[in-house]
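Welcome! Please take a moment to look over the chain below, and then we will walk through some of its features together.

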Amino acid sequence: GRRMAPMREAFLRGLALVYAVAFASFYVQYDGLLGHDGLLPADAWLASQVPPGARDASPLALYARVVPTFAWARAWLGCSTDQLHRGVALGGALFGALVSVAAVPTSSLAFLALQLGYLSCVSVGQTFFSFQWDALLLEVGAAAVLYAAPLGRAARLGSSFAPAAWLLRFILFKLMLMAGLVKLQSRCATWTALSALDYHFATQCLPTPLAWLMHSLPPPLLRLGVGLTLVIEIAAPFLLLAPHVAARRVGGALQLCLQALISASGNYAFFNALTALLALPCCEADAPAGWCQHTHARDPPGHLLRAAGARAFRLARSAEAWVAFAIGFVGASAGAMLELGWWEPAGGPPA
């Protein structure tokens, strides 16, 4: 059978590696931040979250109703909260690295395990693990469970589950559009005057050695950089939802370039790598390879019927793409106008 689409394979391998990095980061920081003698002990915090009437509830009930963490099973497993989370983090790092180099990294079960493991860790992270990149990894991980296939059977298919691919594309669209609109919504003069990069490289948390070189660029180039950033974050994301793969690939390439430049000038953990990975499903064609073969009058009736079905399938995919594009464009435009105060729904603003 055919192997999976290259973009899809690269996305799944890359996401597994991002999980490995995220789990490893959690592991090395756990004792100092969340351990029993850490700044915000996880065991004490979990105890404070249990309602008085649920002290005797089962681990499954506490997982579903209070906090989705494996720590509720610590008594059943015969270990402490710290031991359990260190074990989950270390196991997740090793498993993620293994999946990233596996021969067929497409099993939904593997990504479901990574998703549940990281959710368990982040759920007790409190202030230290409530950042945008942690939420984004959980969001992308949930979609990746659908984007992969049960027991790796999609390795023989040329395309993935179409709704999951569009879901990943929409996640990147939403992320970048919101990143751009929040800059304008802030009404900060550094964005409206295109001078944000005059300060950005020198004031970011963890600049790289290249940040100094970028900070020293001529002011006109820095102004151009701000302008291009706004274009890539506000206008270009609509290409990610375009019905045709060529337009989506242009939008994905623009996002990849932006993330590469951000990574070159600053250290934002796995955030930029994860965002860049989201551009890969945008570059994937929806029509399965090998389903578009030409037919001839001499072909057997069964072959002609399969070809007709394949063409109908392609038309349905095209209609689905146009609907997704229209919904995304209208929804994002309405949200942008609401946020910027350009439009109010009937009845005025909420009380």
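Is Leu-194 buried, exposed or partly exposed? With a relative accessibility of 30%, Leu-194 counts as partly exposed. Please keep in mind as you read on that this is a predicted model.

**Two residues with positive phi**

Leu-194 sits in the loop between H9 and helix H10 (197-203). Although Leu-194 is not a glycine, its phi is positive, at about 60°. Arg-187 is not a glycine either, and its positive phi is about 55°. You can find Arg-187 in the loop between helix H8 (162-185) and helix H9 (189-192). Arg-187 counts as exposed, because its relative accessibility is 55% and the cut-off for exposed is over 50%.

Here are some residues with their accessibility:

| Residue | Relative accessibility | Class |
|---|---|---|
| Arg-187 | 55% | exposed |
| Leu-194 | 30% | partly exposed |
| Cys-257 | 48% | partly exposed |
| Cys-282 | 0% | buried |

**The cysteines**

How many disulfides does a search of the whole structure find? The search turns up 0. Cys-282, for example, is in no disulfide: the nearest cysteine sulfur belongs to Cys-283 and is 6.4 Å away. As a reminder, a disulfide is a covalent bond between the sulfur atoms of two cysteines. Cys-282 is buried, because its relative accessibility is 0%, while Cys-257 is partly exposed at 48%.

**A look at helix H6**

Now turn to helix H6, which runs over residues 108-123. Among the buried residues of H6 are Ala-110, Phe-111, Leu-114, Gln-115, Tyr-118 and Cys-121. An α-helix has 3.6 residues a turn, so residues three or four places apart point the same way. What covers the buried residues of H6? The cover includes helix H1 (6-34), helix H2 (42-49), helix H5 (81-101) and helix H7 (132-147).

**The whole chain**

Stepping back, the chain has 16 helices and 0 strands. It has 351 residues, of which 42% count as buried. Among contacts with a separation of 6 or more, 73% are between residues 24 or more positions apart. The accessible surface of the chain is about 18100 Å², and carbon and sulfur atoms make up 71% of that surface.

Technical notes: Residues numbered from 1 in each chain as written. Predicted model: local features only at pLDDT ≥ 70, side-chain atom pairs only at ≥ 80, totals over all residues. Heavy atoms only, no water. Helix = DSSP H or I, 4+ residues; strand = E, 2+ residues; numbered from the N terminus. Expected span 1.5 Å × (residues − 1). Buried < 20%, exposed > 50% of the residue type's maximum accessible area, 1.4 Å probe, protein only. Contact = heavy atoms within 4.5 Å. Disulfide = S-S within 2.5 Å. Areas by Shrake-Rupley, 256 points an atom, 1.4 Å probe, with all protein chains shown as cover.
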